[in-house]
Amino acid sequence: MSIKEEFAEIVKLLEKEDGKCLSELPDYWETSPAVKAEIELFTNNLQETIQFLDNDCTADQLLWLSEVLDEISVKLQSWEFIDALSRCFNRFQKECKGYAVKDCISFAEGQLRADVYRQRYPDFGK
């Protein structure tokens, strides 16, 4: 199954959970099977994730994904991921208006370790 197909199934699970679960509860992100599957899917293969973000991701999917960008970023530690997110967001700025997707991307960037961050900003922390 492709990442596009898998994520479509995960979104169905997320939609079922939405309204039944209280995402503000401290353990929601650790206990939700749909969220766990989402993070696993997008951290399994960086190149497939980038391909999905560049070619297949819809505005609605980006909104769902924005909730876990920081967790994915922690695991991937990749500027390629951050750049693909930014390109995806730029395609859907109008559809994402009213949501904090850009802030989520910035927070995901903030999850990069200092050594990864310095790949782009060599003077960081000096």
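Asp60 sits in helix α5, which spans residues 59-66; helices (H or I, at least four residues) are DSSP runs numbered from the N terminus. The model is predicted, so local features need pLDDT of at least 70 and side-chain atom pairs count only at pLDDT 80 or more, while totals for chains, interfaces and linings use all residues. Residues are numbered from 1 along each chain as its sequence is written, and side-chain values use heavy atoms, with hydrogens and water left out.

**Helix α5 and Asp60**

- Asp60 has a relative accessible area of 40% and is therefore partly exposed, a class that lies between buried (under 20%) and exposed (over 50%), with a 1.4 Å probe and protein chains only.
- Seven of the eight residues of α5 are buried, so the helix is mostly covered.
- Among the buried residues of α5 are Leu62, Leu63, Trp64 and Leu65.

**Surface charge**

- Asp60 belongs to a surface patch of negative charge together with Glu15, Asp18 and Glu67.
- Such patches take residues with over 30% relative accessible area and no salt bridge, with like charges joined within 9 Å; a salt bridge is a side-chain nitrogen of Lys or Arg within 4 Å of a carboxyl oxygen of Asp or Glu.

**Val116 and Gln77**

- Val116 lies in helix α10 (residues 114-120) and counts as buried because its relative accessibility is 2%.
- Beyond its neighbours within four places in sequence, Val116 is in contact (heavy atoms within 4.5 Å) with Gln77, Ser78 and Trp79.
- Val116 and Ser78 are 38 residues apart in sequence, and their C-alpha atoms are 7.2 Å apart.
- Gln77 is in the loop between α6 (69-76) and α7 (79-91), and at 14% relative accessibility Gln77 counts as buried.
- Gln77 is not a glycine, yet has a positive phi of about 50°.

Technical notes. Helix = DSSP H or I, 4+ residues; strand = E, 2+ residues; numbered from the N terminus. Patch = residues over 30% accessible without salt bridge, like charges linked within 9 Å, V, L, I, M, F, W, Y side chains within 5 Å. Areas by Shrake-Rupley, 256 points an atom, 1.4 Å probe, with all protein chains shown as cover. Lys, Arg positive; Asp, Glu negative; His and termini not counted. Charge placed at Lys NZ, Arg CZ, Asp CG, Glu CD.
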